[in-house]
Amino acid sequence: MTTNQQPLAVALERLNEVLPRAQYPLPLEEADGMRRLAGTIANQVRDHLLPRAMRLDAPLLVVVGGSTGSGKSTLVNSLLRARLTKPGVLRPTTTSPVLVAHPDDLAWFDSGKVLPNLVRSSTPVHDSRALHVVAHDSLPPGLALLDAPDIDSIDDANRRLSRQLLSAADLWVFVTSAARYADAVGWELLEQAAERDTVVSVVLNRCPPDAADDLRSHLSEMLTARGLPAAKLFAVAERKLGEDGMLPLPDVQPIRAWLASLAAESGARTDIALQTLAGAVRGLDQQISHLADGVRRQGDAVDELGRQAANQFRLAADEVALATSDGTMLRGEVLSRWQDFVGTGEFMRGVEEQISRWRDRLTGWFTGQQEAEGVRGAINDGLAALIVEHGQAACESAVNQWSMTSWGRQIVEMHPALARPTSDFEPDATRAVRDWQADVLALVAEQGRGKRTKARFLALGTNAVGAALIIVVFATTGGLTGAEVGIAGGASLLAQRLLEGVFGEDAVRRLAQRAKNDLDARIHALFATQLTRFLHITEELAVDTSAADQLDEVAAELRRAGSSAFDDLTRPKGF
């Protein structure tokens, strides 16, 4: 390896390490294409670019490719004057690639440095994952011929392998026929070769003898128009094969002579290897940038799914927090039980006028554990129902948000249970409210131990004071005033005055805020258990967006290394 080549090999090794980190789990518009491109580049690096960058003097790999029935295998056998690869009557004709090399070069191709993912075999096999390696001394040292599967094979594995092998080639011998040389599939691959500056030779096979010149001229024009003006073009006449199944030697002799000249001239081989290597490396730049952008789009999409779900549960928690502080809870069963607890008749006759008298008679109003349990039960049922209602709404809203994109919709379809809370959510909500009320009672009991408040606290009892504090919590931001004559406002005012008579105004404010903060935390925790189901999915889809930066870095390394390695490269003509 030359000094100029060494940084290139290092950069290609780095690319080989980084590519697996580029993930595209979400079915975004171009995700399938990104995955295929990442796999194609990985194969190209391992199969061709890295081994070639490490050994520029290694034998050339000449891949013979083409469409179904173009006569690739027959051409290879005819060039070597030996039946080394078997043409088939049934299509696809070639199921496993056959590589023919001179015995002196066999170690290089049998070592696994080139096409490392293909299993080597010394006998014919019908497996697209295997490479049949044949040593034959009719092929001069310095290059190998590889008979590839059909580019338009009806077998998906064969078709993919044909493209992989062409990407691994130092030189293409592209075989087509007089009847099919205008086929779109072939020209798609040839145009890609032109973009990568791959060295290409084209064999126009099975030409009617009286039309060979015209067909060759037309194909030459097409090659020039498609960016391959330097492609070496051969025409082989359509003839009946001999008993040995081969084309007459004179028909293939020009191709044999050309290959022999390449094998004999180390400078020519180096030029071809360098041109194809340089073109492939330069072609990687835009492809790597494309992959990096795709990783970032994947990361953004996954993050957006997480944000959408989190926003819905945050909004649900905010709505419950508001409902438990603006007087919403002071209606229905909760209010009815509270009124029964404190005495509705006197309560309804006026608030401000009765405050002092109520304060003196509080002990009579709070009639014991049974009434207090009624208030606590109503609070438990009402608040738990409120939490469950908003939890259900949050699940539905998060699912609706995800369903607005095709990839989110696919996730929802795979996880239909996301649209509703888990079966334990309702009992967990009931338990959380019950535990909160128990903590409120513990809070007021702790506050009531002071000498100054002890007598008044004992006169009312823990249950009464705790119930009053909860009523105050439920109206802490409701804007309720002493002048308000509404039932909810009066209930809150009475509870407020009751507690102030026991603890003092500042203490009541602190107790209410502490109790409210505790309630909000429990509600957030409940909703977090449901949000976790959504976030677990996004975590499984998590994209390492640092891979995008790493791809950008390795692309820059390749540009620098390629510039150094190929500065003196001049494009060879006539190869």
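User: Hey, how does α16 pass α18, in a left-handed or a right-handed crossing?
Analyst: In this predicted model, the crossing of α16 past α18 is right-handed.

User: OK, and at what angle do the axes of α16 and α18 cross?
Analyst: At roughly 115°, and the axes come within 9 Å. Helix α16 covers residues 425-447, and helix α18 covers residues 462-473. The two helices are therefore roughly perpendicular to each other.

User: Which residues in α16 and α18 meet?
Analyst: From α16 you have Trp436, Gln437, Val440, Leu441, Leu443, Val444 and Ala445. Facing them in α18 are Thr462, Asn463, Val465, Gly466, Leu469, Ile470 and Val473.

User: How many nonpolar, polar and charged residues are in the contact of α16 with α18?
Analyst: Ten are nonpolar, four are polar and no residue is charged.

User: What about α16 and α20, at what angle do they cross?
Analyst: Roughly 160°, with axes that come within 10 Å; α20 is the helix at residues 505-540. That angle makes α16 roughly antiparallel to α20. This crossing is right-handed too, as α16 passes α20.

User: Switching topic. How many helices and strands does the chain have?
Analyst: There are 21 helices and eight strands. The chain has 575 residues, and 51% of them are buried.

User: How many residues are in the largest nonpolar core?
Analyst: It has 134 residues. Leu8, Leu15, Ile387, Phe474 and Leu551 are the ones with the most contacts inside that core. Helix α9, residues 266-323, gives the largest share, with 22 residues. Another core lies apart from it, with 42 residues, among them Ala178, Leu189, Ala193 and Leu219.

User: Why would nonpolar side chains be buried together?
Analyst: As a general rule, that is what they tend to do in soluble globular proteins.

User: Back to Phe474. What does Phe474 touch, beyond residues up to four places away in sequence?
Analyst: Its contacts include Thr324, Asp326, Met329, Leu330 and Ile379. Trp436 and Leu519 are also among the residues that Phe474 touches.

User: You mentioned α9. Is Ala317 in that helix buried or exposed?
Analyst: Ala317, which is found in α9, has a relative accessibility of 2%, so it counts as buried.

User: What is Ala317 in contact with, leaving aside neighbours within four places in sequence?
Analyst: Ile523, His524 and Phe527. Ala521 is 204 residues from Ala317 along the chain, yet their C-alpha atoms are separated by 9.4 Å.

User: What share of the contacts with a separation of 6 or more is between residues 24 or more positions apart?
Analyst: In this chain, 81% of them.

User: Another helix pair: at what angle do α3 and α8 pack?
Analyst: About 70°, with their axes 9 Å apart. So α3 is roughly perpendicular to α8. Their crossing is right-handed. Leu75, Ser78, Leu79 and Leu80 in α3 meet Val252, Ile255, Arg256 and Leu259 in α8. By class, this contact has six nonpolar residues, one polar and one charged.

User: Which residues other than glycine have a positive phi?
Analyst: Asp197 is one of them, with phi near 65°. Arg206 is another, with phi near 55°.

User: Where are Asp197 and Arg206?
Analyst: Asp197 sits in the loop between α6 and β7, while Arg206 is in strand β7. Asp197 is buried, at 19% relative accessible area, because the cut-off for buried is under 20%. Arg206 is partly exposed, at 36%.

User: Last one: in which helix does Gln164 lie?
Analyst: In α5, residues 156-167. Gln164 counts as buried at 17% relative accessibility. Leaving aside neighbours within four places in sequence, Gln164 is in contact with Asn43 and Asp47.

Note on methods. Residues numbered from 1 in each chain as written. Predicted model: local features only at pLDDT ≥ 70, side-chain atom pairs only at ≥ 80, totals over all residues. Heavy atoms only, no water. Core = buried A, V, L, I, M, F, W, Y, C linked by side-chain atoms within 4.5 Å. Buried < 20%, exposed > 50% of the residue type's maximum accessible area, 1.4 Å probe, protein only. Helix = DSSP H or I, 4+ residues; strand = E, 2+ residues; numbered from the N terminus. Contact = heavy atoms within 4.5 Å. Axes fitted to C-alpha atoms, helices over the stretch in contact; angles between N-to-C directions. Parallel < 35°, antiparallel > 145°, perpendicular 65-115°, else oblique. Left-handed = near helix turned anticlockwise from the far one by under 90°. Nonpolar A, V, L, I, M, F, W, Y, C, P; charged D, E, K, R; others polar.
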